[in-house]
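Hi everyone, thanks for making time this morning. I'd like to walk you through one structure, so let me put it up on the screen.

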Amino acid sequence: MNRVGDEALMDKRHTENESSTEGIGCCGYILLIFSYFLIAITFPLSLIVCIKVIREYERVVIFRLGRLLPGGAKGPGLFVVIPCVDSYRTVDLRTVTFDVPPQEILTKDSVTTVVDAVVFFRIHDATMSINNIENAERSTRLLAATTLRNILGTKTLGEILSDREHTVELMKTSLDEATEAWGVRVERVEVKDVRLPIQLQRAMAAEAEATREARAKVIAAEGEQKASRALKEAADVINESPSALQLRYLQTLNTISAEKNSTIIFPFPMEFMNYFGAGGHGSKANPKA
């Protein structure tokens, strides 16, 4: 960028030196004298035509008989032009914003996307923007569209979606280097939207859903594994202390009764049934004896 800027500055100085050293010719001097004569005989009405005012955010590039006046752009404030000899162009130095039309781009991984962006730029050298290019704003618009396609074409879809900051910075640098010779400075570039085909959106959604389901199953399996270990440790503790089972049973009854249930189920160990069954057969066998 420095090399391009230095070359542009040298071209500008060379132009100014040529304008100041080369004469305007005999006919030019005659026209200049004639213009001064008209200003003198029509004074003070000629001041209406000669004196111009430009605003703070504007600059004026003056040409005298087609040659650029030395000293660069004029303004802001008052400036004087000579009728029939001078012509001038007004340049706006405020920041200009424009939308880059949606560009259909084929990414590095062969995915077709539609991308649109917005560019902020301003003219920092009025003389270069008039002398070096016909229409600086239109040229910047066209260059922004081609730069967007060229840079995003070297990126994969994942890089475009996840690394936007680096992408827009690369676009800004490339545009700024190319427009430096036009007197244009690109201040900011932003990618507004990246539109994907419907089929690709569905495929990405299905892939994301499958990934989430797989992650949920893994988490559930890990939870079951931890729960089984905790139950095994609890069973070992209860096995060491028989009274712990009775306390746990009473705690469960307390929890059930707190929920205002009308039905309470009492678990009955099968060992009691076997005991009573064995005792019943024994009582029937004694009378027979």
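**Strands, cores and one threonine**

Strand S2, residues 58–64, pairs with S3 in the antiparallel sense, over two bridges. Before I go on, please keep in mind that this is a predicted model. Within that pairing, Arg 64 sits opposite Arg 67 of S3. Zooming out, the strands belong to an open three-stranded sheet ordered S3-S2-S5, with antiparallel pairing. Its edges are strand S3 (67–68) and strand S5 (86–92), each pairing on one side only.

Now to the nonpolar cores. The largest one has 35 residues, and Val 100, Val 115, Val 119 and Leu 148 have the most contacts inside it. Several elements supply at least two residues each, among them S2, strand S6 (96–106), strand S7 (112–123) and strand S8 (184–195). Helix H5 gives the most, with seven residues. There is also a second, separate core of six residues, including Ile 54, Ile 62, Leu 69 and Phe 79.

Setting aside neighbours within four places in sequence, Val 115 is in contact with residues including Pro 101, Ile 105, Leu 148, Leu 152 and Val 191.

Let me finish with Thr 179, in helix H7 (residues 164–179). Is Thr 179 buried or exposed? Thr 179 counts as buried, because its relative accessibility is 0%. A polar atom of the Thr 179 side chain lies 2.8 Å from the backbone oxygen of Leu 175. Beyond neighbours within four places in sequence, Thr 179 is in contact with Thr 140, Leu 143, Val 184 and Val 186.

Note on methods:
Residues are numbered from 1 along each chain as its sequence is written. This is a predicted model: local features need pLDDT of at least 70, side-chain atom pairs count only at pLDDT 80 or more; totals for chains, interfaces and linings use all residues. Side-chain values use heavy atoms; hydrogens and water are left out. Helices (H or I, at least four residues) and strands (E, at least two) are DSSP runs, numbered from the N terminus. Buried means under 20% relative accessible area, exposed over 50%, partly exposed in between (1.4 Å probe, protein chains only). A polar contact is a pair of N or O atoms within 3.5 Å; within protein, one must be able to donate a hydrogen and the other to accept it, and residues adjacent in sequence count only if both atoms are side-chain atoms. Contact means heavy atoms within 4.5 Å. Two strands pair if DSSP finds at least two bridges between them. A nonpolar core is a set of buried Ala, Val, Leu, Ile, Met, Phe, Trp, Tyr and Cys residues joined through side-chain atoms within 4.5 Å.
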